[in-house]
Amino acid sequence: MAGRGRPRNFDRDTALEQAMAVFWAKGYESTSISDLTSAMNMKPPSLYAAFGDKETLFDEVIERYSKQYGAMMWGDLERFRHPKDATHHVLTTTACLYAQDDTPHGCMVVLAAPQADSNHATVNQTLRDLRRANITILKDFYAKAQRSGSIPSGANIDTMANYYTTVHYGMSIQARDGATRDELIAIAEAAMATWPSLTSTSLAKR
């Protein structure tokens, strides 16, 4: 039986996908309840009954986004034989996902962030934590590769992780501004061309 205030044909997964498309395209701050109810085909009381307030809905949406799209880029890097291959996967998958036609271009974790931190501190902190988590994923992965000898012991893995995640998030802005898949792939390949210098011990001594 449908919950009070919900449409009889209410499907939570479908509703979350519809809300995700709005938040992803417009960002948290610019998305209104009217935008959400229109996209989700729900009345405001139904939305509140099903998801709580806008921030609670966004939390559920961003968790879904991370599991659905973030995992494609950052998940199971251990399956690659070399950390360079894993990094190449992250960047080229980023290029393909950020420029695909059936979703808004760019990264929701970057582009949905509110501008006024004081008004939406919790939302901004959630997104900031997700972005930092991706840096940690690479740092931990590179540290393990360094211990196994796949990355030279003198390489600065903190710099490497920060650099490649910066490229990753920069590609989001490029995609939103209209960069094509091929242009983003070219950026990814250019970034990978820096691998020899980033893994050199001379960089760590600077």
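From the N terminus on, the elements of the chain follow the order α-α-α-α-α-α-α-α-α-α-α, and the total is 11 helices and 0 strands. Helices (H or I, at least four residues) and strands (E, at least two) are DSSP runs, numbered from the N terminus. The model is predicted, so that local features need pLDDT of at least 70 and side-chain atom pairs count only at pLDDT 80 or more, whereas totals for chains, interfaces and linings use all residues. Residues are numbered from 1 along each chain as its sequence is written, and side-chain values use heavy atoms, with hydrogens and water left out.

The C-alpha trace of the chain spans about 65 × 35 × 30 Å along its principal axes. The chain has 206 residues, of which 42% count as buried; buried denotes under 20% relative accessible area, exposed over 50%, and partly exposed the range in between (1.4 Å probe, protein chains only). Its accessible surface comes to about 10600 Å², and carbon and sulfur atoms contribute 50% of this area. Accessible areas come from the Shrake-Rupley method with a 1.4 Å probe, and for residues only the protein chains shown count as cover. Among the contacts in the chain (heavy atoms within 4.5 Å) with a separation of 6 or more, 68% involve residues 24 or more positions apart. The chain carries 22 positive and 23 negative charges, whose mean positions are 3 Å apart. Lys and Arg count as positive and Asp and Glu as negative, while His and the chain ends are not counted; each charge is placed at NZ of Lys, CZ of Arg, CG of Asp or CD of Glu.

The annotation "domain: HTH tetR-type" covers residues 9-69, a span that is 77% helix and 0% strand, with its end C-alpha atoms 26 Å apart. A "DNA-binding region" is listed by UniProt for residues 32-51. Over residues 32-51 the chain is 80% helix and 0% strand, and the end C-alpha atoms lie 15 Å apart. UniProt positions are given in the numbering used here, feature names are shortened, and annotations may be inferred rather than shown by experiment.

N41 counts as exposed because its relative accessibility is 63%.

T94 lies in helix α5 (residues 83-98) and is buried, because its relative accessible area is 0%. Not counting residues up to four places away in sequence, T94 touches M73, H168 and M171. The side chains of T94 and H168 make a polar contact at 2.9 Å. A polar contact is a pair of N or O atoms within 3.5 Å; within protein, one must be able to donate a hydrogen and the other to accept it, and residues adjacent in sequence count only if both atoms are side-chain atoms.

P152 is located in the loop between α7 (121-148) and α8 (157-176). With 35% relative accessibility, P152 counts as partly exposed. P152 touches Q146 and T199, residues up to four places away in sequence not being counted. The C-alpha atoms of P152 and S200 are separated by 7.2 Å, although these residues are 48 residues apart along the chain.
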